[in-house]
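Biologist: I would like to learn how to read a protein structure, one feature at a time. Please show me where to begin.

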Amino acid sequence: IGTILDISHRKFMERELKSLSITDTLTGLYYRRGFIALAEQQFKQAERKKDGLTLFFADLDDLKQINDSLGHTVGDEALVEVAEVFQEVFRKMDIIGRVGGDEFAVLAPDVPREHADLVEKRLHDQLAVHNARANRDFAIYLSAGMAYYDPEQPCSLDELISRADSLIYEQKRAKQL
């Protein structure tokens, strides 16, 4: 005598919960936890293969002003639009995440240091396309920092993020001058 129990619904729910724990429901991008987990895996692979990685870190400028003047729903629309821009600019193999309220990160394997400026230019060009759309109540501007992982001078993912983050604040200060 045996008992048959269908646990497929339970397994489905477990997968859904795991997905919700690493994926931002607003933007569809990885949350910080998901981004870090995938980036750490990519980092280990780059260390082993002696490959470089490029980390783009960006902060949506003036989200507080958008929220305060136009409402949080419009602020959410701005965040979703930034996510769309990142998905249009970066490759499917790149790891894209919303790692804070208005902070985004992309880890791009196989992007040499000398091509990083081209990617940053594509990002700003795509932002301009979005900002040129009709009937907009807000514009999207980013402060961005880029850091390159050199396998000849290894560092941790946290150090790479810290370098890129400090470049964001340099850019923000320059914008205020």
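Biologist: How many helices and strands are there in the protein chain?

Modeller: Keep in mind that this is a predicted model. The protein chain has six helices and four strands. Read from the N terminus on, the elements follow the order α-α-β-α-α-β-β-α-β-α.

Biologist: What percentage of the residues in the protein chain is buried?

Modeller: The chain has 177 residues, and 41% of them are buried. A residue is called buried when its relative accessible area is under 20%.

Biologist: Which residues of the largest nonpolar core touch the most other members?

Modeller: The general idea comes before the case. In soluble globular proteins, nonpolar side chains tend to be buried together. Here the largest nonpolar core has 29 residues, and those touching the most other members are Phe-56, Leu-60, Val-82, Phe-86, Phe-90 and Leu-142. Two or more residues of this core come from each of β1 (53–60), α3 (63–70), α4 (72–89), β3 (103–109), α5 (113–131) and β4 (142–149). Helix α4 contributes the most, with eight residues.

Biologist: Now to charged residues. How many salt bridges does a search of the whole structure find?

Modeller: Side chains of opposite charge can pair when their charged atoms come close. The search of the whole structure finds nine salt bridges. One pairs Arg-98 with Asp-24, and their closest N and O atoms are 2.9 Å apart. Arg-98 is in strand β2 (residues 95–98) and Asp-24 is in the loop between α1 (8–22) and α2, so this pair ties together parts that are 74 residues apart in sequence.

Biologist: Are Arg-98 and Asp-24 buried or exposed?

Modeller: Arg-98 counts as buried because its relative accessibility is 15%. Asp-24 is also buried, at 3% relative accessibility.

Biologist: How far apart are N and O in the salt bridge of Asp-94 and Arg-91?

Modeller: The distance from N to O is 2.7 Å. Asp-94 is buried, at 8% relative accessibility, whereas Arg-91 is partly exposed, at 31%.

Biologist: Which residues are linked in a network of salt bridges?

Modeller: The network links Asp-59, Asp-61, Lys-172 and Lys-175.

Biologist: Which residues form the negative surface patch?

Modeller: Glu-40, Glu-47, Asp-158 and Glu-159 form it. Helices α2 (32–49) and α6 (157–176) each supply at least two residues of the patch. Take Glu-47 as an example: it lies in helix α2. With a relative accessible area of 35%, Glu-47 is partly exposed.

Biologist: How far apart in space are Ser-156 and Phe-43?

Modeller: Position along the chain and position in space are read separately. Ser-156 and Phe-43 are 8.3 Å apart, C-alpha to C-alpha, while 113 residues apart in sequence. Ser-156 is in the loop between β4 and α6, and it is partly exposed at a relative accessible area of 32%. A second case is Tyr-169 in helix α6. Tyr-169 is partly exposed, with a relative accessible area of 37%.

Biologist: What is the phi of Asp-110, and what is the phi of Asn-135?

Modeller: Most residues other than glycine have a negative phi. Asp-110 is not a glycine, yet its phi is positive, at about 60 degrees. Asp-110 sits in the loop between β3 and α5. Asn-135 also has a positive phi, near 55 degrees. Asn-135 belongs to the loop between α5 and β4, and at 82% relative accessibility Asn-135 counts as exposed.

Methods:
Residues numbered from 1 in each chain as written. Predicted model: local features only at pLDDT ≥ 70, side-chain atom pairs only at ≥ 80, totals over all residues. Heavy atoms only, no water. Patch = residues over 30% accessible without salt bridge, like charges linked within 9 Å, V, L, I, M, F, W, Y side chains within 5 Å. Areas by Shrake-Rupley, 256 points an atom, 1.4 Å probe, with all protein chains shown as cover. Salt bridge = Lys/Arg side-chain N within 4 Å of Asp/Glu carboxyl O. Lys, Arg positive; Asp, Glu negative; His and termini not counted. Charge placed at Lys NZ, Arg CZ, Asp CG, Glu CD. Buried < 20%, exposed > 50% of the residue type's maximum accessible area, 1.4 Å probe, protein only. Core = buried A, V, L, I, M, F, W, Y, C linked by side-chain atoms within 4.5 Å.
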